[in-house]
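User: Hi! I am new to protein structures and would like to learn how to read one. Could you take me through some features step by step?

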Amino acid sequence: MARMKSKATEIMEAITAKREELQRITEEKKAAAGDAMQLVAVKKREQRAKAELAALEEAHKAATYTPEPPTDKAELMAGLEKYRAEWQGRVDKINADIAEADAEADRIEKEMQEATAAADTKTMVEFANRLEEIKAAKVHMMEMQNRAKAMPIYPAGAAAEEWQEICQRLMPEWKNRIAEMRVFAAAYTAAADAFLEMERLIQDVRRELQSIEGGYYDSVFTKGESSKGMTIDEKYARVIANVVDGNPLLPGRVI
């Protein structure tokens, strides 16, 4: 990232210098108004400078480009959370009823011990009957708990409906990603073509100048340079083609 910022700074400095050059050329145009030959030469320089400025501005845009963070999975799946919450709510309600029944049963058993110690047969019978009621109710609660847990969390068609909503929501963002890639790919292609065209021009001029004196000129433009960072890894071409165009070996993978 630091290197990218440094490169962006370098490009911005070049943009500033190029704008200043264009300002000077504008002044030269005014001065050359009465000289047709000189005016043509100045206009050619102006045209090149404008093209170079446009290229630098595109390069600066690429150097400072930061894609928007993608929507995270949890956010996309949030639409189904209401169904899980409803399912969990039913299970939790039954679990709470079971826990309440267990707590009441524990309390009654303790009170039965006290009634036994006091030889309070009437109270013991009442407690015994209540314990039987709780046990019977708990059997039904356990059955309800099993049925509640076995119920599908999501109703039929909920996932497909959610998918359609996600598609609608993400489509603008997806289109923007594609547009960005195409814009930068076109800019890269134009920059690469301009680079190769300049290389051919320099080689042609170099050969002609060398032929005049029969000499050989050492490398100047490429000295100390590396192609690293100038080309796009071809893996992107394969992967992106698989994403957008599909892979016959992986049917059903195109989104």
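Analyst: Happy to! Let us begin with a term we will need: a residue is called buried when its relative accessible area is under 20%, exposed when that area is over 50%, and partly exposed in between. Please keep in mind that this is a predicted model.

User: Thanks. Is K18 buried, partly exposed or exposed?

Analyst: K18 has a relative accessible area of 13%, so K18 is buried. Now try E20, which is found in helix α1, residues 2–31. Its relative accessibility is 44%, so E20 counts as partly exposed.

User: Which residue does E52 form a salt bridge with?

Analyst: The partner of E52 is K18, and their closest N and O atoms are 2.5 Å apart. This pair links distant parts of the chain, as E52 sits in helix α2 (residues 36–63) and K18 in helix α1, 34 residues apart. While K18 is buried, E52 is partly exposed, with a relative accessible area of 35%.

User: How many residues apart are K93 and D97 in helix α4?

Analyst: They are 4 residues apart in that helix, so about one helical turn separates K93 and D97. Their side chains meet in a salt bridge, at 2.9 Å from N to O. D97 is partly exposed, with a relative accessible area of 25%.

User: Where do E173 and R177 lie?

Analyst: Both are in helix α6, again with a spacing of 4 residues, about one turn of the helix. The side chains of E173 and R177 form a salt bridge with an N to O distance of 3.2 Å. E173 is partly exposed at 25% relative accessibility, and R177 is partly exposed at 22%. Salt bridges can also join up: E104, R107, E111, R130 and E133 are linked in a network of them.

User: Let us stay with α6. How can I read the length of a helix?

Analyst: A helix has an expected span of 1.5 Å times one less than its number of residues. Helix α6 (residues 158–213) has 56 residues and reaches 81 Å from its first C-alpha to its last, close to the 82 Å expected.

User: Which residues of α6 are buried?

Analyst: A158, E162, I166 and Q210 are buried in α6. The buried residues of this helix pack against α3 (73–77) and α4 (81–117).

User: Which helix gives the most to the nonpolar patch?

Analyst: That is α7, with 5 residues. With a relative accessible area of 52%, I232 is exposed.

Definitions and conventions
Residues are numbered from 1 along each chain as its sequence is written. This is a predicted model: local features need pLDDT of at least 70, side-chain atom pairs count only at pLDDT 80 or more; totals for chains, interfaces and linings use all residues. Side-chain values use heavy atoms; hydrogens and water are left out. Helices (H or I, at least four residues) and strands (E, at least two) are DSSP runs, numbered from the N terminus. Buried means under 20% relative accessible area, exposed over 50%, partly exposed in between (1.4 Å probe, protein chains only). Contact means heavy atoms within 4.5 Å. A salt bridge is a side-chain nitrogen of Lys or Arg within 4 Å of a carboxyl oxygen of Asp or Glu.
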